[in-house]
Amino acid sequence: MEFPQELYYTETHEWLRVKDGEVEVGITSYAQEQLRDVVFVELPRIGKKVKAKQPCAVIESVKAAFDIYAPLSGDILSINKELEGQPELINKDPYGRGWMFTIKIENSGELQNLLNAQAYASKIKEAH
Amino acid sequence: MSQQEKLIFEISSSGRRGVSLPPLDVPRKPLEEMIPTKFQRKTPPRLPEVSELDVVRHFTRLSQLNYSVDTHFYPLGSCTMKYNPRVHEEVAGLEGFSRLHPYQPPEQTQGMLELLYHFSELVKEICGMPEFSLQPAAGAHGELLGMMLVRAYHRKRGETGRKKIIIPDSAHGTNPASAALSGFEVIEVKSDSHGLVDLEDLRRTMSPEIAGMMITNPNTLGLFEKDIVTICNILHEAGGLVYCDGANMNALLGRVKPGAMGIDLLHLNLHKTFTGPHGGGGPGSGPLGVSEPLRPFLPVPRVKKEGDTYIWDYNYPETIGRIKAFYGHIGVIIKAYAYILSLGTEGLMKVSEAAVLNANFLRKKLSNFYDLPYPEVCMHEFVLSGRRQKKQGVTTLDIAKRLLDYDFYAPTIYFPLIVEEALMIEPTETESKQTLEAFAEALIKIAKEAESAPDRVKGAPFDTPVRRLDEVKAAREPNLHWNFP
């Protein structure tokens with residue numbers, strides 16, 4: 001399973017891509033495989049203040065509904081409107097067109113609490 | 001029998017009629033005189049045009065495609081799909097009950113009030129809870145009422161900072177939903193390696209912000225939370241309350257009273273434990289029992305006995321008010337009342353005994369063929385994992401679909417979420433040994449097929465009226481309308 005090196009990861013299976021003071025957030029390839037076919041995505045509204053580790057979005061799959069946690073604190077800058085009509089992008093391209101939202105980084109120190117690709121991969125191995 | 005029954009619109013034939021109206025025998029009046037033109041529709045409704053025989057055959061055929069407890073074994077974990085004795089329908093249908101109107105004054109409905117009063121007394125005794133509200137429409141409604149009472153209780157004590165509800169990671173999905181809907185924040189507590197609430201993790205989450213905990217006992221793994229008294233003590237010492245989801249009460253009937261475990265709030269699913277039919281045949285009923293300190297907040301009106309008469313009592317100044325039109329789902333309560341009286345104490349004890357025995361019988365039969373992540377003796381249900389079969393490329397969904405070919409309803413799958421590839425099996429107390437053996441044999445055959453002919457399982461079902469439906473497309477692009485050609 002693929003976990004791109006340049007990304008950060010959380011224990012709750014979100015990934016983060018850092019660029020220009022903001023982060024793009026989605027769910028990992030492992031997470032989408034576990035959820036199976038995604039049928040609905042509820043995203044936060046733009047401008048909403050989110051807190052690290054608090055639920056801020058919902059993914060519904062054929063299996064169940066799941067909370068998506070904000071990996072960092074900050075304001076929501078943008079959301080992926082494409083997911084409204086094509087939730088399957090999360091399954092097809094989890095690290096690309098399946099991105100969910102971006103957050104303006106408030107405290108870059110919070111990045112220290114996240115996992116790198118190796119650490120995330122070994123977490124998953126442990127769980128099996 | 002046609003395997004693909006057409007929609008009634010598709011068998012419509014222009015000009016065909018089910019009934020012929022007799023000639024008009026009163027003076028004809030222009031329509032405008034009776035209904036103003038602006039309220040008249042411009043085009044007639046496009047109803048299907050069919051004969052009476054078309055209608056009878058269409059709906060009879062549809063009913064024969066139905067899968068139900070009346071036709072098959074239904075081992076749907078957590079749902080208690082047991083047999084609902086027919087005599088309960090007779091009792092609930094008695095004219096003295098079925099022809100009452102909720103607006104009739106109490107002096108005309110004494111029999112019904114007496115039944116509700118006595119029913120409350122019985123469930124109080126069974127559960128060891130000092131008072132019940134019969135208003136909740138079903139289990140999740142009982143949970144919602146429970147959470148509203150927890151809020152009212154803390155508010156009354158001036159502890160408005162208690163905003164968090166603890167819920168185990170094995171909980172029914174309705175638990176966090178009910179807590180969130182009542183304005184609480186949900187905190188998850190982990191299960192330990194035995195599938196029980198992790199006491200250390202629970203102790204760590206205690207704080208002055210904790211309003212309470214929602215717990216299911218036996219839990220959704222079918223295991224009895226043996227530390228329930230300690231759990232309640234931990235919560236009570238921290239100033240919180242304990243809510244018990246009573247969905248699994250058929251495992252405990254006559255054996256242990258939730259009130260004695262330290263539970264403060266408990267709902268019963270009359271439509272599961274006490275044989276109100278459910279699923280498409282509902283409605284449900286979810287009476288809520290509470291401990292002494294919560295009584296003032298219960299909904300009104302409550303049935304009260306004054307001498308030999310029964311009245312509706314609204315005089316509870318601290319009540320949270322009404323949560324349901326009228327008095328609850330009375331028909332289901334009547335069936336539950338008939339069930340309790342016909343079984344009696346010994347009968348109810350046999351219910352829990354048979355529920356637990358049946359589940360363990362199946363668990364043992366299947367434990368060599370499927371992984372059993374929590375191998376402890378179970379209560380009324382147990383959870384297998386299909387991870388061994390998944391290595392052959394056969395998922396739990398495939399196993400569930402294949403069971404349909406063997407004429408069994410599939411168990412609950414992919415729940416609880418803490419078990420990979422979960423198959424949650426609840427045989428209930430009303431099944432015979434022969435049925436359980438036949439079911440076990442089918443699941444064992446499928447386990448063998450997963451090894452020797454995995455495509456057979458992956459392609460299932462083969463013998464059902466429709467094969468595998470595109471449920472992903474159905475969820476993503478629901479099409480709920482008939483489009484006229």
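Student: Which residue just after helix 9 of chain B takes a positive phi?

Tutor: Gly239(B) does, with a phi of about 85°. Helices here are DSSP runs of H or I with at least four residues, and strands are runs of E with at least two, both numbered from the N terminus. A word on the ground rules: this is a predicted model, where local features need pLDDT of at least 70, side-chain atom pairs count only at pLDDT 80 or more, and totals for chains, interfaces and linings use all residues. Residues are numbered from 1 along each chain as its sequence is written, while chains are lettered from A and ligands numbered from 1 in the order in which they are written.

Student: What is the average pLDDT of chain B?

Tutor: On this scale of the predictor's confidence in each residue, from 0 to 100, chain B averages 95, and 99% of the residues score at least 70. The model scores ipTM 0.74 and pTM 0.88.

Student: Which residues of helix 9 of chain B are called buried, and what makes a residue buried?

Tutor: Buried means that 20 or more other C-beta atoms, placed from the backbone, lie within 10 Å of the residue's own; 12 or fewer makes it exposed, and anything in between partly exposed. In helix 9 (residues 228-237), Ile228(B), Ile231(B), Cys232(B), Ile234(B) and Leu235(B) are buried by that count.

Student: Why do we say that the buried residues line one face of helix 9 of chain B?

Tutor: Take the directions from the helix axis to the C-beta atoms: those of the buried residues fall within an arc of 160°, so they line one face. The face turned away carries the exposed residues Val229(B) and Glu237(B).

Student: What covers the buried residues of helix 9 of chain B?

Tutor: The cover includes helix 8 (199-205), strand 4 (210-216), strand 5 (241-246) and helix 10 (258-261) of chain B.

Student: What makes a set of residues a nonpolar core, and which members touch the most others in the largest one?

Tutor: The set must be buried Ala, Val, Leu, Ile, Met, Phe, Trp, Tyr and Cys residues joined through C-beta atoms within 7 Å. The largest has 110 residues, of which Val242(B), Leu265(B) and Ile333(B) touch the most other members. Helix 11 (residues 330-366) of chain B gives the most to this core, with 15 residues.

Student: Why is this core said to lie between domain 2 and domain 3 of chain B?

Tutor: With bounds from an automatic or database domain assignment, domain 2 (87-342) and domain 3 (346-473) both give residues to this core, so it lies between them.

Note on methods: Two residues are in contact if their C-beta atoms, placed from the backbone, lie within 7 Å.
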